[in-house]
Every structure is written in C-alpha cells, then in structure tokens.
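Visitor: Could you walk me through this structure? I have not looked at it before.
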Amino acid sequence: MSHRRRMRQREFYYREAVREGYRSRASYKLIQINAKFNVFKIGNYVIDVGAAPGGWSQVASNFVIPTGKVYAVDLDYLEPLDNVIAIQGDITDPKTQERLKTLIGDPVDVILSDISPKVSGNWSTDHARQIYLTEQALRLCASGFLKRGGKFVCKLFMGDLYEDFVANLKILFHFVYFYKPKASRKGSAEIYAIAKGLKKGPLRKKKKPKKVEGKDNG
Ligand SMILES: C[S@@+](CC[C@H](N)C(=O)[O-])C[C@H]1O[C@@H](n2cnc3c(N)ncnc32)[C@H](O)[C@@H]1O
C-alpha cells in the first residue's frame, strides 16, 4: 500500500472516531473483531489491559451494557467513561494485579489486551517488550482472573517470540484464531489473536462485583 493510501486509511478511521465519539481509532479494530468472532454478550464482565485512552473499553462497554461492566487498566490516567472502572497502574506490578482481583471479585468473561510499550523504533526491542507485556495479560487468564470457557483477545507484534507465545495460547484455550482487522494498517506488523474457551479456570459464581475501595469511573 502506498504511503498516501495508508495515510488516507488512518485519516478515515480518525475522522470516524471523532464523528462517532470514540476515544481512539483503535476502537474500530475491536468493533471489526467482534463482528467476525462474536466476543461479547450483554451482561459480560470484561478486563481491558492497556486501555488508555479508552477506545476499546468504550466499545466493550457498549456491547455488554446494561448489566455488564468493564475494568480498565493502564499506566496512564483514563478519563471517566460510563460503566468503566479504571485502575491506573502497571499490569506487571503484583500490587496492580491484586487491586484488580479485589475489584472484579469473580473471574470475568473476557480479557482484552491492546497493550504496547512506548515504541523505540528498534523493532526487535519493541517486539520483545510488547510480547512480554502481552504475556502478563495471558498470565491473568491462567491465574484466576478469567472464568473457565472465557475469551481472550490480544494484539501481537510479529517477530521471533511470536511462535512461543502462540504455542502457550493454544495450551490454555480450546480455539485460537488470528485476524488483522481492516482498521489495522496493512503495512503494520501487528496481528490480533482471538482465543476462546479457557480450558482450566474458576467458574463465575455471582454477577455483582464486590464493593471495595477503588476508583470507580462509571
Ligand atoms: C495502543 S494503546 C491502547 C489503546 C486502547 N486499546 C484504545 O482503544 O484506546 C496501549 C496502551 O498500553 C499501555 N501500557 C503500556 N505498558 C503498560 C503496563 N505495563 N501496564 C499497563 N498499561 C500499559 C500504554 O500506556 C497505552 O495506553
């Protein structure tokens, strides 16, 4: 794709995001993923890892309201969003994970990860960091944050660590699909994995999250 066409495509989704009131162009990636893979159901509880500025959280919230909820984690502050509980913190920090666990109470139905580091321009470094961060999100799936049968959607930067990551994904989930949404630039080395049916994990007991101290942006 020519540079000009790429720019036009980026501008198109940027304009659409502004027009429809989405926080980011990335919102359309999740809308397109959901259209193809049916990720969300009304009433679902969702964790969004690497959530700022909040496009994915907004989209997820729209799909799960009025009875579902989104828990959004990011290093950056997230401007308040309806039906989204924001946690500002580093997902690699056990304290952030502990706060998240307390807030969700029960395991959630879906975990999303669009996490990426600040890119340095050195692809092998950026790829390694991005996979490391996504591994932290995958770890949440394997350690009681996601219910048995739950879904995981994540962004992956392509590179030499990709195959190992995918192998682990396939160990944990019954079904794993890969998809590059139209809203993702054709030339970009990112792809999205959609994993369904967590093989082992806790069952979801009740629908209401526990009332504990935390910042409720919704
Ligand atoms: C591409 S942006 C996410 C965009 C978002 N999905 C949206 O639609 O608005 C990636 C995010 O990952 C976050 N991030 C990077 N490292 C993180 C970490 N260790 N813990 C939590 N968030 C992190 C960044 O702050 C950034 O906001």
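Guide: Below we take the overall fold, the sheet, the ligand shell and a few single residues in turn.

Guide: Please keep in mind that this is a predicted model, in which local features need pLDDT of at least 70 and side-chain atom pairs count only at pLDDT 80 or more, while totals for chains, interfaces and linings use all residues. Residues are numbered from 1 along each chain as its sequence is written.

Visitor: Thanks. How many helices and strands does the protein chain have?
Guide: The protein chain has six helices and seven strands, where helices (H or I, at least four residues) and strands (E, at least two) are DSSP runs numbered from the N terminus. Along the sequence they follow the pattern α-α-β-α-β-β-α-β-α-β-α-β-β.

Visitor: And in what order do the strands sit in the sheet?
Guide: The seven strands form an open sheet in the order β3-β2-β1-β4-β5-β7-β6, with mixed pairing; two strands pair if DSSP finds at least two bridges between them. The edge strands are β3 and β6 (173-179), each of which pairs on one side only.

Visitor: Which way do β1 and β2 run?
Guide: β1 and β2 pair in the parallel sense over five bridges, and Asp 48 has Ala 72 of β2 as its bridge partner. The chain passes from β1 through α3 to β2 in a right-handed β-α-β crossover, meaning that, with the strands pointing away from the viewer, the path from the first strand over the helix to the second runs clockwise. On to β3 (residues 84-88), β2 is joined in parallel by five bridges, and there Ala 72 is partnered by Ala 86.

Visitor: Is β2 enclosed or open, and why?
Guide: It is largely enclosed by the rest of the structure, because six of the six residues of β2 are buried, that is, 20 or more other C-beta atoms lie within 10 Å of their own, whereas 12 or fewer makes a residue exposed and anything in between partly exposed, with C-beta atoms placed from the backbone. Lys 69, Tyr 71 and Val 73 point one way, while Val 70, Ala 72 and Asp 74 point the other way. In a regular strand the side chains alternate between the two faces of the sheet.

Visitor: Changing topic, what surrounds the ligand?
Guide: The ligand is surrounded by 23 residues, and the closest are Ser 24, Ala 26, Gly 50, Gly 55 and Asp 114; a residue is near a molecule if its C-beta atom, placed from the backbone, lies within 6 Å of it. α3 (55-64) and β2 (69-74) each supply at least two residues of this shell.

Visitor: What about Lys 41, where is that?
Guide: Lys 41 lies in the loop between α2 (27-37) and β1 (45-49), and Lys 41 counts as partly exposed because it has 13 C-beta neighbours inside 10 Å. Lys 41 and Val 64 are 23 residues apart in sequence, yet their C-alpha atoms are 5.8 Å apart in space.

Visitor: Last one: why does Phe 178 count as exposed?
Guide: Phe 178, in strand β6, counts as exposed because it has 12 C-beta neighbours inside 10 Å.

Visitor: So which residues is Phe 178 in contact with?
Guide: Leaving aside neighbours within four places in sequence, Phe 178 is in contact with Ile 191 and Ala 193, where contact requires C-beta atoms, placed from the backbone, to lie within 7 Å.

Methods:
Contact = placed C-beta atoms within 7 Å.
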